[in-house]
Amino acid sequence: MDRLDCVVIGYNEGDFGDYQVMCERAGPGTPEYQIMRSEHLVVDDQAMPWLDAFSRLRNRATGRNDRYHVGEVFNLASLYLTSYLRKRGLRAEPVSLFSGERDRLAELLAQRPAVVAITTTFYVNILPVGPIVEYVRELSPTSHIVVGGPLIDNLLLSGLTPTVEDLLYAMGADSYIQESQGELSLAQLCQAVGAGGDLDAVSNLLHCPEGAWVRTRRRPESNDLDECSIDWAGFGPDLIGVTAQLRTARSCAFKCSFCDYPTRAGALTTASVDTVRAELRALAELGVQNIVFVDDTFNVPPKRFKELCRMMMEEDLGLRWYSYFRCSNARDEESFDLAARSGCAGVFLGIESGDGDVLANMHKLAQDSQYRTGIARLKERGITTFASMIVGFPGETEKTVGNTIDFLNETAPDLWRAQAWWANPRSPVYQQKELLGIEGEGYTWSHYSMSSKEAADLTDEMFRRVTESVWLPLYDFDFWSLPYLHGKGVETADLTALLRTTQQIIGIRNQGGDPAGLTELERRFATEVAALSVAPARFSF
């Protein structure tokens with residue numbers, strides 16, 4: 001058998017206990033502490049993420065050892081990169097969830113792959129990377145470990161500072177790819193390592209061969225989405241499962257002032273409708289039933305969105321789909337009709353605020369009236385709606401938060417969540433830092449109208465006062481757990497009932513309410529979980 005050229009590792013969720021300690025050290029009144037308190041449950045006196053609690057209560061009823069985790073929906077970045085490398089004649093294999101697939105990863109590492117690539121799509125710090133590097137070093141010490149993706153791109157945007165050097169040393173990889181795309185650079189690296197060639201010929205690489213950092217030539221990539229579409233036939237149905245992610249576009253057409261993604265990712269680029277058609281056909285042949293479109297704005301441009309919906313109706317593959325959705329760009333009844341008729345089951349609405357002035361400050365190019373109309377039209381067609389909110393953006397006040405609370409109670413999206421603004425110093429709003437009085441970054445900030453502590457307190461107030469929509473946890477859950485759990489047989493109505501009970505449990509616990517009432521709610525939650533009919537998980541504890 002030919003040598004394995006590359007193993008691509010998708011995601012490591014980290015340890016919830018470590019996360020809890022970090023948030024507790026931040027202290028009461030901080031956004032970190034507020035978020036942590038509102039996204040976990042306690043089972044057998046142990047705090048844990050929602051899906052771990054669900055798993056343990058299921059196992060108590062079934063006697064199994066299932067670990068339900070959204071990482072069962074195979075990490076798209078690892079599949080995409082694997083397919084990309086294979087198309088270039090390289091032998092590659094993907095791993096979705098590090099903690100859930102250690103045995104499978106060990107089997108792959110036993111083949112001594114030339115390169116192990118670690119993606120960082122969902123990481124905001126280096127903590128998840130270290131355990132993967134240590135594991136690979138132990139089982140395959142000859143493999144060249146490379147880390148790439150958004151985490152590396154973000155770290156190096158301001159240059160190779162001493163602090164960044166320390167972080168790179170701490171991660172412990174052999175090299176790092178700095179490029180917002182990076183797939184071509186990874187292919188070049190695999191070819192160079194496999195041939196024993198010069199790494200300095202690889203584009204966009206940072207490595208430290210003799211104690212000094214070397215940066216190779218920067219060559220921005222512009223990979224064609226049609227040419228780079230995933231060859232799904234190269235993956236088996238047991239690996240993919242019944243729910244899969246799919247990308248049909250890169251970047252975002254909008255320039256919201258809190259987000260720097262369009263700047264990093266470049267102009268909006270889309271795959272052709274025929275390419276999407278071919279991928280959907282291939283996924284249906286694998287037995288996939290639920291599709292998660294990961295495009296930042298799936299219904300933009302509107303004309304293309306309608307073409308995609310009509311194509312899915314023509315194909316009639318029996319697929320249900322979920323996506324991000326921009327209400328302000330669904331400008332007629334036909335858009336909503338086509339979405340529903342083509343199989344849309346749920347949408348993630350990045351609404352951010354229910355106050356017009358705050359939306360204007362964010363450059364959302366949307367009005368709350370458009371959101372109100374959009375949510376109503378989606379609900380009329382039985383499409384599950386999730387509203388995501390930001391609290392504390394410059395211009396936010398107690399009054400504007402009250403307007404957002406009223407908006408949520410009046411429009412009643414099925415699910416919602418709010419969290420304090422994460423102050424990204426690379427976002428467009430920081431160009432007005434002096435004017436807006438912005439000080440600090442991340443979850444520690446203040447500006448002319450609010451502080452991060454006030455935002456955390458107001459988010460707690462929203463949790464208490466929003467009564468017509470159900471709170472959605474974030475940690476290892478989020479909206480994308482809906483299609484995952486639907487693939488396991490959990491209907492949205494049953495999940496929403498569980499989440500409503502969860503919201504009551506969190507509310508009583510965080511407010512120091514009646515212990516007897518809390519015990520009764522936890523008993524009810526365990527009973528509701530045990531009563532469901534759920535397919536076994538692919539992972540175990």
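**Cysteines.** I looked for disulfides (cysteine sulfur pairs within 2.5 Å) and found zero. The model is predicted: local features need pLDDT of at least 70, side-chain atom pairs count only at pLDDT 80 or more, and totals for chains, interfaces and linings use all residues. Residues are numbered from 1 along each chain as its sequence is written, and side-chain values use heavy atoms, with hydrogens and water left out.

Cys 344 is buried at 8%. Cys 208 is partly exposed at 22%.

**Ser 323.** I placed this residue in strand E15, residues 320-324. Strands (E, at least two residues) and helices (H or I, at least four) are DSSP runs numbered from the N terminus. Ser 323 is buried, at 0% relative accessibility. I listed its contacts (heavy atoms within 4.5 Å), leaving out residues up to four places away in sequence. Among them are Phe 293, Phe 298 and Trp 480.

**A sheet.** I traced an open sheet of three strands, E19-E20-E21, with antiparallel pairing. Strands pair if DSSP finds at least two bridges between them. The edges are E19 (439-441) and E21 (450-451), each pairing on one side only. E20 (residues 444-447) pairs with E21 over two bridges. Ser 446 has Ser 451 in E21 as its bridge partner.

**Aromatic rings.** I counted 34 aromatic pairs. Rings of Phe, Tyr and Trp (its six-membered ring) pair with centres within 6.5 Å; planes under 30 degrees apart are stacked, over 60 edge-to-face, the rest tilted.

Tyr 19 and Tyr 475 have ring centres 4.8 Å apart and planes at 40°, so they are tilted. Tyr 19 is in helix H1 (residues 16-26) and Tyr 475 in the loop between E22 (470-471) and helix H20 (481-487), so the pair ties together parts 456 residues apart in sequence. Tyr 19 is buried at 18%, and Tyr 475 at 12%.

Trp 50 and Phe 54 are stacked, because their planes are at 15°, with centres 5.5 Å apart. They sit four residues apart in helix H3 (residues 50-62), about one helical turn.

**Charge over a ring.** I applied the test (NZ of Lys or CZ of Arg within 6 Å of the ring centre and within 35 degrees of the ring normal). Arg 88 lies over Tyr 84, at 3.6 Å from the ring centre. Arg 247 lies over Tyr 80, at 4.9 Å.

How values were computed
Buried means under 20% relative accessible area, exposed over 50%, partly exposed in between (1.4 Å probe, protein chains only).
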